[in-house]
Amino acid sequence: MSYTRKLINVAMFIALGVTLPVAFHLAGGTGSVFLPMHIPVLMAGLLLGLKGGLAVGMLTPFISSLTTGMPPLMPMLPIMVVELGVYGAAGGYLYRQCKLPLVWSLVGAMLAGRLAAAAVVAGLAAVLAVTLEPLPFIIGAVSTGLPGIVIQLLFVPLLVRKLEAVPGAFRRVKVHE
């Protein structure tokens, strides 16, 4: 994929990551339940690879916070920048470089992102005396976000496979078995 095409795709996934949560909020949904920003980030990692996924994951919550106020600057923005950055990077690394199956790459990215979020929460608690604890934060985020996690597990692989099938779009080299 050419550099220009990859840059355009990064911008497209960032735009989706900013507008999809706005659409969910307008429809009465809540971001912490349906996790709409996570979908384009996970897809970007799986389709664009480590660097593209990292860029989309880190820039999307930052741009969204500046333009829409979601997520709030503190404490959620730093948590989400790292969490989504790891989602994108890990998904791209596991799927594009390690050649793991799509669903395993997705689950691995989701787990790695949550662990990174816990580490940021621990850091914020230690450095800035933010009143969050890593384990209760992650347990709360996962339990609240279960509908979004199910949506991700059902639709991200389907959408990635559909986009990979488009001629000249996103190709993954098959592993010889």
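Which residues of helix α7 are buried? Helix α7 spans residues 134-144, and its buried residues are F137, I138 and A141. Buried means under 20% relative accessible area, exposed means over 50%, and partly exposed is in between, with a 1.4 Å probe and protein chains only. Helices are DSSP runs of H or I, at least four residues, numbered from the N terminus.

A word on the model before I go on. It is predicted, so local features need pLDDT of at least 70, side-chain atom pairs count only at pLDDT 80 or more, and totals for chains, interfaces and linings use all residues. Residues are numbered from 1 along each chain as its sequence is written, and side-chain values use heavy atoms, with hydrogens and water left out.

Back to α7. The face away from its buried side carries the exposed residues L135 and I139. And what covers the buried residues? The cover includes α5 (76-97) and α6 (102-128), with contact meaning heavy atoms within 4.5 Å.

Stay with α5 for a moment. R96 lies in this helix. Is R96 buried or exposed? It is buried, at 15% relative accessibility. A polar atom of the R96 side chain lies 2.8 Å from the backbone oxygen of L46.

Next, the aromatics. Rings of Phe, Tyr and Trp (its six-membered ring) pair if their centres lie within 6.5 Å; planes under 30 degrees apart are stacked, over 60 edge-to-face, and the rest tilted. How many pairs does that give? The count is 2. Take F13 and F170. Their ring centres are 6.4 Å apart and their planes sit at 50°, so this pair is tilted. F13 is in helix α1 (residues 3-26), while F170 is in the segment after α8 (146-164), so the pair ties together parts 157 residues apart in sequence. F13 is buried, at 1% relative accessible area. F170 is buried too, at 5%.

Then F24 and F34. This aromatic pair is also tilted, with 5.7 Å centre to centre and 40° between the planes. F24 is in helix α1 and F34 in helix α2 (residues 31-34), 10 residues apart. F24 is partly exposed, at 23%. F34 is partly exposed as well, at 27%.

Technical notes. Helices (H or I, at least four residues) and strands (E, at least two) are DSSP runs, numbered from the N terminus. A polar contact is a pair of N or O atoms within 3.5 Å; within protein, one must be able to donate a hydrogen and the other to accept it, and residues adjacent in sequence count only if both atoms are side-chain atoms.
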